[in-house]
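Below is a brief report on one protein chain. Please read it alongside the sequence and the structure.

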Amino acid sequence: MLFSNMSLLTPTELQKIFEKMDKNGDGFVSLEELNWLLQKIGFHFSLDEVESIVEKKSLDLSEFLFFYNSISKQNNDETRNDGDENDHDHDLVETFKVFDIDGDGFITSHELECVLKRLGLWDGKDCRSMICFYDTNLDGQLDFEEFKNMMLLNIS
């Protein structure tokens with residue numbers, strides 16, 4: 001299917017691609033920007049077709065990672081039927097890695113602020129209070145389970 005000849009990319013590589021695709025620097029990849037990438041790698045869709053695939057008008061970085069992971073996973077194991085939940089967990093792990101800048105397994109308020117700034121989504125928010133809200137073990141940072149709970153609460 002899509003990207004059949006494409007090797008899997010790391011979250012860092014995907015983030016760089018996202019930043020290059022986000023030509024207007026608004027922290028979102030529009031359907032036009034996404035379609036531009038698809039055309040560059042040899043897939044020609046109308047904007048309506050892209051919208052029906054994505055089901056949104058634009059994607060932020062985490063949604064772009066989900067999109068990439070879903071199309072690459074769909075391509076790599078089309079016969080596998082065992083795991084919407086496993087797929088979702090994998091997507092969350094990949095998204096967690098984007099925020100865990102130093103790779104130590106935790107997201108600090110500083111890391112959260114850095115990523116939000118890079119994405120153009122930081123508007124002076126108090127990242128420390130955002131972390132504390134979901135920090136159930138009160139260590140001042142988010143581990144993967146706390147991050148997962150935060151994402152699941154915000155998706156619902």
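## Asn 35 and its contacts

In this predicted model, Asn 35 is in contact with Phe 45, Ser 46, Leu 47 and Val 50, leaving aside its neighbours within four places in sequence. Asn 35 is found in helix α2.

Is Asn 35 buried or exposed? Its relative accessibility is 7%, so Asn 35 counts as buried. The cut-off for buried is under 20%.

## The nonpolar core

The largest nonpolar core has 32 residues. Those with the most contacts inside it are Leu 34, Val 54, Phe 64, Phe 99, Ile 107, Leu 112 and Phe 147. The elements that give two or more residues to this core are α1 (11-21), α2 (31-40), α3 (47-54), α4 (61-76), α5 (84-99), α6 (109-118), α7 (127-134) and α8 (144-155). Helix α4 gives the most, with 5 residues.

Take Val 54, one of the residues with the most contacts inside the core. Val 54 touches Leu 31, Leu 34, Leu 59 and Phe 67, residues up to four places away in sequence not being counted.

## The chain as a whole

The protein chain has 8 helices and 2 strands. From the N terminus on, its elements run α-β-α-α-β-α-α-α-α-α.

Of the chain's 156 residues, 39% count as buried. The chain exposes about 9200 Å². Carbon and sulfur atoms supply 52% of that area. Among contacts between residues at least 6 apart in sequence, 51% join residues at least 24 apart.

Key:
Residues numbered from 1 in each chain as written. Predicted model: local features only at pLDDT ≥ 70, side-chain atom pairs only at ≥ 80, totals over all residues. Heavy atoms only, no water. Core = buried A, V, L, I, M, F, W, Y, C linked by side-chain atoms within 4.5 Å. Buried < 20%, exposed > 50% of the residue type's maximum accessible area, 1.4 Å probe, protein only. Helix = DSSP H or I, 4+ residues; strand = E, 2+ residues; numbered from the N terminus. Contact = heavy atoms within 4.5 Å. Areas by Shrake-Rupley, 256 points an atom, 1.4 Å probe, with all protein chains shown as cover.
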